[in-house]
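Biologist: I'd like to learn how to read side-chain contacts in a model. Can we walk through some together?

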Amino acid sequence: MKLVSGSPGGKAMSIYTPDLMAELIPAKGAAGFEIGEGFDSVLKRVGFVEWHDKDSTLDEKLSSNTGWIGVKSRCGLPGGPCTLVQSLIYMNDVICLEFGGRKGADLFN
């Protein structure tokens with residue numbers, strides 16, 4: 001699966017470049033992001049994201065990535081409860097932001 005967020009021609013198509021030189025503050029944040037910052041807030045700031053499933057051929061895409069890639073995956077036992085994990089990955093894993101905690105079987109709709 002490959003989905004994109006953002007609207008062509010608008011500001012949402014721009015790519016947010018994180019501050020890789022920002023001070024790393026343990027238990028506070030890094031690269032301009034704060035620990036505990038909400039997914040929706042980060043997604044709005046990041047702008048354009050190309051979404052993929054965890055099962056798709058991601059390694060090749062990440063190795064040549066120059067922007068943000070989103071990955072949605074389910075964690076849990078087959079047939080049992082699962083947790084949705086959403087990752088926002090910048091370039092080739094230079095930054096990986098993980099968001100999770102929602103439980104349920106039908107979280108991808």
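Biologist: Let's start with Tyr90: is Tyr90 buried or exposed?

Modeller: This is a predicted model, and in it Tyr90 has a relative accessible area of 6%. Buried means under 20%, so Tyr90 counts as buried.

Biologist: And which rings does the cluster with Tyr90 hold?

Modeller: Ring pairs join Tyr90 with Tyr16, Phe33 and Trp68. Trp68 is buried too, at 2% relative accessible area. Trp68 and Tyr90 make a tilted pair, with 5.1 Å from centre to centre and 45° between the planes. Trp68 sits in strand E5 and Tyr90 in strand E6 (residues 82-90), so this pair ties together parts 22 residues apart in sequence.

Biologist: How many aromatic pairs are there in the structure?

Modeller: There are 5 aromatic pairs. One of them is Phe33 with Trp68: the planes stand at 80° and the centres are 6.1 Å apart, so we call it edge-to-face. Phe33 belongs to strand E3 (residues 33-34) and Trp68 to strand E5 (residues 68-76), so here the linked parts are 35 residues apart in sequence.

Biologist: What about charges?

Modeller: Side chains of opposite charge can pair when their charged atoms come close. The whole structure has 2 salt bridges. Arg45 meets Glu37 at 2.2 Å, N to O. Lys61 pairs with Glu50, with 3.5 Å between the closest N and O atoms. Lys61 is in helix H2 (residues 58-63) and Glu50 in strand E4 (residues 49-53), so the bridge ties together parts 11 residues apart in sequence.

Biologist: Where does Lys72 lie?

Modeller: Over the face of Trp51, 5.3 Å from the ring centre.

Conventions: Residues numbered from 1 in each chain as written. Predicted model: local features only at pLDDT ≥ 70, side-chain atom pairs only at ≥ 80, totals over all residues. Heavy atoms only, no water. Salt bridge = Lys/Arg side-chain N within 4 Å of Asp/Glu carboxyl O. Helix = DSSP H or I, 4+ residues; strand = E, 2+ residues; numbered from the N terminus. Phe/Tyr/Trp six-rings, centres within 6.5 Å; stacked < 30°, edge-to-face > 60°. Buried < 20%, exposed > 50% of the residue type's maximum accessible area, 1.4 Å probe, protein only. Lys NZ or Arg CZ within 6 Å of the ring centre and 35° of its normal.
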